[in-house]
Amino acid sequence: MDKKKTKKVFVQGAIPPEKIANSIANHQSKTNIGAHSIFLGQIRADEIDGKTVSVINYSAYEEMAENVFHEIREAAFSRFDITCAHIYHSLGEVKTGEICLFVFTSSAHRKVAIEACNYFVEEIKANVPIFGKEIFEDETHQWKVNK
């Protein structure tokens, strides 16, 4: 596969439902696709030490993070027979209940689309330098730790 250029991944604020719907609609003309798999990461109102998270403020060194996203994308295309893949991650403030991560994979068959989507999510969580500041209802905060 030819090396593709780095794609812009970051969206300011929450990922709007319309962006998700449009991504799905834009694939209806691609008749070689038989399956899509979608992961949506949503902000939870976690309770930590008696305080409830109300917002996560995401930050990243964008160029470095986008290079890591690109490496993950290239590895996924080498590893899975996927037709296309889209990744969007929030920067800035995202409130509880809103979407902060959108991963969308497509292939001829469902098993490949699902496995590739799972691969993307796990690699993103483990390797992309994105930092989340959990802001509590009382406006105190702490840095998010991925589990």
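## Exercises on a predicted model

I135 stands opposite H141 in strand β8. This is a predicted model, in which local features need pLDDT of at least 70, side-chain atom pairs count only at pLDDT 80 or more, and totals for chains, interfaces and linings use all residues. Residues are numbered from 1 along each chain as its sequence is written, and side-chain values use heavy atoms, with hydrogens and water left out.

### Exercise 1: strand β7 and its partners

Task: find which strands pair with β7, and state how they run.

Solution. 

Step 1. Strands (E, at least two residues) and helices (H or I, at least four) are DSSP runs, numbered from the N terminus. Two strands pair if DSSP finds at least two bridges between them.

Step 2. Take β4. It is joined to β7 by 7 bridges, and the two strands run antiparallel. Y58 has G132 in β7 as its bridge partner.

Step 3. Take β8. Here 3 bridges make the link to β7, again antiparallel.

Step 4. Check the cover of β7. Buried means under 20% relative accessible area, exposed over 50%, and partly exposed in between (1.4 Å probe, protein chains only). Of the 7 residues of β7, 5 are buried, so the strand is largely enclosed by the rest of the structure.

### Exercise 2: salt bridges

Task: how many salt bridges does the structure hold? Work through three of them.

Solution. 

Step 1. Apply the cut-off. A salt bridge is a side-chain nitrogen of Lys or Arg within 4 Å of a carboxyl oxygen of Asp or Glu. The structure holds 4.

Step 2. Look at D46 and R44. Their side chains meet at 2.9 Å, N to O. R44 is exposed, at 52% relative accessible area.

Step 3. Look at D138 and K51. The N to O distance is 3.9 Å. D138 is partly exposed at 46%, and K51 is partly exposed at 30%.

Step 4. Look at K144 and E134. Their salt bridge spans 3.8 Å, N to O. K144 lies in the segment after β8 and E134 in strand β7, so the pair ties together parts that are 10 residues apart in sequence. K144 is partly exposed at 25%, whereas E134 is buried at 3%.

### Exercise 3: aromatic rings

Task: how many aromatic pairs does the structure hold? Classify two of them.

Solution. 

Step 1. Set the rule. Rings of Phe, Tyr and Trp (its six-membered ring) pair if their centres lie within 6.5 Å; planes under 30 degrees apart count as stacked, over 60 as edge-to-face and the rest as tilted. The structure holds 5 such pairs.

Step 2. Classify F10 and F69. Their ring centres are 5.8 Å apart and their planes stand at 75°, so the pair is edge-to-face. F10 lies in strand β1 (residues 10–12) and F69 in helix α2 (residues 62–79), so the pair ties together parts that are 59 residues apart in sequence. F10 is buried at 15% relative accessible area, and F69 is buried at 2%.

Step 3. Classify Y119 and F120. The centres are 6.4 Å apart and the planes at 70°, so this pair is edge-to-face. Both residues are buried.

Step 4. Look for a cluster. Ring pairs link F80, Y119 and F120 into one.

### Exercise 4: a charge over a ring

Task: which residue lies over the face of Y88?

Solution. 

Step 1. State the test. A charge sits over a ring if NZ of Lys or CZ of Arg is within 6 Å of the ring centre and within 35 degrees of the ring normal.

Step 2. Name the residue. K19 lies over the face of Y88, at 4.3 Å from the ring centre.
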